[in-house]
Number of protein chains: 2
Amino acid sequence: MSEILNEILSANKKYASGFKSKSELKSPPKKHFAILTCMDARLDPAKFAGLAEGDAHVIRNAGGRVSDDAIRSLLISHKLLGTDEWFVIQHTSCGMCCVTNEEIDKEFGIENESKKIDWLTFEDNKKCLKEDLEKLKNHSLVPDSIKIHGLIYDVKTGFLEKL
Amino acid sequence: MSEILNEILSANKKYASGFKSKSELKSPPKKHFAILTCMDARLDPAKFAGLAEGDAHVIRNAGGRVSDDAIRSLLISHKLLGTDEWFVIQHTSCGMCCVTNEEIDKEFGIENESKKIDWLTFEDNKKCLKEDLEKLKNHSLVPDSIKIHGLIYDVKTGFLEKL
């Protein structure tokens, strides 16, 4: 048995023992919004944005990037589950910043051109976020009615800054 | 100004005001593991798995599916940031269950065969999770040394069940 798995199951037992008040939560987010942010361990979106269970969708990947899969999730969030406001939240000191696709390919020993991966690295926080917001707003399946915001989370202060 | 944005910024101000103890957290997850789970609003992985800021990567998408982007994130998590144990946590009453790609395409008015999207819907919780774990374990860039676990979160009880 894994030690980490034991820790998780033990924490989960405590959590579930006080769960009764949450058992009737519904699938569609109560506050009708979704957050897309980074997987970074320092980020707890429920805490830094004040979410309770049931409030909002939270999508996370390396970089908080507007990847095809993040778009899939946001489109589902809107069309099937009624969100109409989306927050893309990237952050300072991100591991995807200031490294290149080539460097990561090299780490994995990927040399064959056809096997190279777009790791969605980036060079500049604000530029990256702006481009991602444009990509999302211009996507053919994203309705103009969706309110889309961009924010940067500062891992040194815990503050969100609107782009 | 959006009402939801105001709410988020106000909650964030409170969070950041007590942030000092977290300002020295490092990028690599302290507990060397990553969780992949669903974006569902009812799920708070930090709470249900007992995570503090800095402990673990959290990746989330519609369904908690092992998508290409989730694999990208997990590979980065391991190779660049040192995680060596991954938990794929899907859940009961998921919005991606028991709906078909065709039905979602129809919602979006997608008729052209070449524009159809794989929304990563599924029919059965355990079958889906098993297939996703196999996909992850068999991926050419995932080392055999990574410990990979599958769990199902019950949204009615808050309990995690190991597959």
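Student: How many salt bridges does the rule find across the interface of chain A and chain B?

Tutor: Good place to start! This is a predicted model, and across the interface of chain A and chain B the rule finds four salt bridges. Over all chains, the structure holds 18.

Student: How should I read one of these bridges, say the one between Glu53(B) and Lys47(A)?

Tutor: Look at the distance, then the location, then the burial. The closest N and O atoms of Glu53(B) and Lys47(A) are 3.2 Å apart. Glu53(B) sits in the loop between α2 (45–48) and β2 (56–61) of chain B, while Lys47(A) belongs to helix α2 (residues 45–48) of chain A, so this pair joins two chains. As for burial, Glu53(B) has 7% relative accessibility and counts as buried, whereas Lys47(A) is partly exposed at 39%.

Student: What distance separates the closest N and O atoms of Lys47(B) and Glu53(A)?

Tutor: For that salt bridge, the value is 3.3 Å.

Student: Which other residue forms a salt bridge with Glu53(B)?

Tutor: Lys22(B) does, with the closest N and O atoms 3.5 Å apart. Here the partners lie 31 residues apart in one chain: Glu53(B) in the loop between α2 and β2 of chain B, and Lys22(B) in the loop between α1 (3–17) and β1 (33–38) of chain B. Both Glu53(B) and Lys22(B) are buried.

Student: Which residues are linked with Glu7(A) in a network of salt bridges?

Tutor: Lys31(B) and Asp55(B) are the ones linked with Glu7(A).

Student: Let's step back to the whole interface. How many residues does the contact take from each chain?

Tutor: Chain A gives 75 residues and chain B gives 73. The area buried between them is about 6700 Å², with carbon and sulfur atoms giving 66% of that area. The rule also finds 31 residue pairs in polar contact across the interface. On the side of chain A that touches chain B, helix α1 (residues 3–17) supplies the largest share, ten residues. The residues of that side divide into 38 nonpolar, 15 polar and 22 charged.

Student: Why can we say that the copies meet through the same surface?

Tutor: Compare the lists of interface residues. Of those in chain A, 97% are also interface residues in chain B, so the copies meet through the same surface.

Student: And how do I read the symmetry?

Tutor: The general idea is that two copies of a chain are related by a rotation about an axis and a shift along it. In this model, chain A can be laid on chain B with an RMSD of 0.0 Å by a turn of 180 degrees and a shift of 0.0 Å along the axis. That is the relation of a two-fold axis. Arg60(A) is the residue of chain A that comes closest to the rotation axis, its C-alpha being 2.3 Å away.

Conventions
Residues are numbered from 1 along each chain as its sequence is written. Chains are lettered from A and ligands numbered from 1 in the order in which they are written. This is a predicted model: local features need pLDDT of at least 70, side-chain atom pairs count only at pLDDT 80 or more; totals for chains, interfaces and linings use all residues. Side-chain values use heavy atoms; hydrogens and water are left out. Copies are superposed by least squares on the C-alpha atoms of residues with pLDDT of at least 70 in both. Contact means heavy atoms within 4.5 Å. A salt bridge is a side-chain nitrogen of Lys or Arg within 4 Å of a carboxyl oxygen of Asp or Glu. Helices (H or I, at least four residues) and strands (E, at least two) are DSSP runs, numbered from the N terminus. Buried means under 20% relative accessible area, exposed over 50%, partly exposed in between (1.4 Å probe, protein chains only). Buried area is the accessible area (1.4 Å probe) that two parts lose on being put together, summed over both. A polar contact is a pair of N or O atoms within 3.5 Å; within protein, one must be able to donate a hydrogen and the other to accept it, and residues adjacent in sequence count only if both atoms are side-chain atoms. Ala, Val, Leu, Ile, Met, Phe, Trp, Tyr, Cys and Pro count as nonpolar, Asp, Glu, Lys and Arg as charged, and the others, Gly among them, as polar.
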